[in-house]
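Dear colleague,

Please find the structure below, together with its sequence. My notes on what was found in it follow.

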Amino acid sequence: MAARPTWKGYLKISLVNIPVRVFPATDAAATISFNQLHRECRTRIQQKKWCPTCQVEVPNSDLVKGYEFEKGQYVVLDEEDIAKVRPASTRVINVVQFANASAIDPVYVERPYYLAPDGQVAAEAFAVMREGMVGKAAIGKLALYGREYLVAIQPRENGLVMYTMRHASEVRAMSAIDELQTVPVKIKPDEVKLARQVIGSFESEGDLSQYRDDYQDELRKIIDAKIAGEEIVTPQDEAPPKVVNLMDALRQSLERVSTTKKRTARIEQAKPERDVKSPAKKRARG
């Protein structure tokens with residue numbers, strides 16, 4: 001099924017305006033979700049807005065927005081108040097600067113979207129700007145759904161990927177984590193050397209497509225089994241790992257990797273060679 005755009009507008013880079021379509025880069029349907037049911041009759045429950053003071057259900061028309069400035073004290077803002085600061089939905093992704101792609105800190109990244117040209121006329125300008133952005137990230141602003149988003153845009157394959165970003169005020173400083181104050185500054189060089197050996201033994205190209213969500217797969221098996229009325233066997237919980245000396249744990253890790261590699265090599269060597277028959281020689285003609 002072809003992906004559907006969730007937004008159409010323009011990518012504005014200086015005086016260049018490129019009509020684009022925005023598509024979600026993730027598939028929410030790939031994750032199993034549940035509804036809440038009444039245990040007794042298996043009926044899906046309804047969520048109701050209830051006022052505990054008046055003891056009544058409140059319709060949406062009687063709801064207002066309140067900001068709690070002190071415990072139990074609220075100031076009410078109506079739609080006219082919010083409209084005074086609400087950005088206009090301009091249908092423009094306005095690029096304000098470019099930076100090296102490596103400068104984008106992942107902690108600021110919120111949600112990915114794909115950008116594609118909107119129409120054949122826009123395709124050429126889209127391709128030119130995408131190629132010119134290689135190694136760079138465009139930082140811009142997007143007014144959408146009554147609020148302003150900070151976005152970062154980077155080339156990806158034959159398109160562009162746009163990330164909605166958190167503002168700096170939304171990101172908590174690591175210095176606020178008290179537990180990190182216990183992390184030692186001085187560490188033993190021999191332990192670091194051994195740690196790097198262990199890490200090196202696991203290095204790969206970082207292909208994430210080879211991994212599956214085992215939890216979702218097992219959950220799907222249980223759902224299918226319950227639909228079919230089959231018995232479900234509960235797996236045994238794994239015993240918690242024993243706490244061992246760091247150096248011992250690193251050495252054991254290296255030994256385990258070495259043993260695994262040797263076993264794999266033996267299996268490869270033990271595979272029978274395919275019998276490749278040489279082509280029959282042609283008879284020489286007299």
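A nonpolar core is taken here as a set of buried Ala, Val, Leu, Ile, Met, Phe, Trp, Tyr and Cys residues joined through side-chain atoms within 4.5 Å. Please bear in mind throughout that the model is predicted.

The largest nonpolar core has 21 residues, and the members that touch the most others are L11, I93, L115, I153 and M162. At least two residues of this core come from each of β1 (7–13), β2 (16–24), β7 (92–100), β8 (109–117), α2 (120–132), β9 (136–144), β10 (147–156) and β11 (159–165).

Apart from neighbours within four places in sequence, L115 is in contact with L11, R21, V22, I93, F126, I153, G159, L160 and M162.

Two further buried positions were examined. I139 lies in strand β9 and counts as buried because its relative accessibility is 15%, where the limit is under 20%. With neighbours within four places again left aside, its contacts are N94, V95, V96, Q97, I104, L150, V151 and A152. The C-alpha atoms of I139 and Y163 are separated by 9.7 Å, with the two residues 24 apart along the chain.

Q154 belongs to strand β10. Q154 is likewise buried, since its relative accessible area is 17%. Beyond neighbours within four places in sequence, Q154 is in contact with A101, M133, K136, A137, G159, L160, V161 and Y163.

Turning to helix α3, this element covers residues 189–201, 13 residues in total. From first C-alpha to last, α3 reaches 19 Å, close to the 18 Å expected at 1.5 Å a residue. Its buried residues are E191, L194 and V198. These three lie on the same side of α3, because the arc they cover around the axis is only 70°. In general, an α-helix has 3.6 residues a turn, so residues three or four places apart point the same way. The face of α3 turned away from the buried side carries the exposed residues P189, K193, R196 and I199.

Lastly, a note on the aromatic rings. The structure holds 0 aromatic pairs. The charged end of R147, however, sits over the ring of Y149, at 4.1 Å from the ring centre.

With kind regards

Methods. Residues numbered from 1 in each chain as written. Predicted model: local features only at pLDDT ≥ 70, side-chain atom pairs only at ≥ 80, totals over all residues. Heavy atoms only, no water. Helix = DSSP H or I, 4+ residues; strand = E, 2+ residues; numbered from the N terminus. Expected span 1.5 Å × (residues − 1). Buried < 20%, exposed > 50% of the residue type's maximum accessible area, 1.4 Å probe, protein only. Arc of directions from axis to C-beta. Phe/Tyr/Trp six-rings, centres within 6.5 Å; stacked < 30°, edge-to-face > 60°. Lys NZ or Arg CZ within 6 Å of the ring centre and 35° of its normal. Contact = heavy atoms within 4.5 Å.
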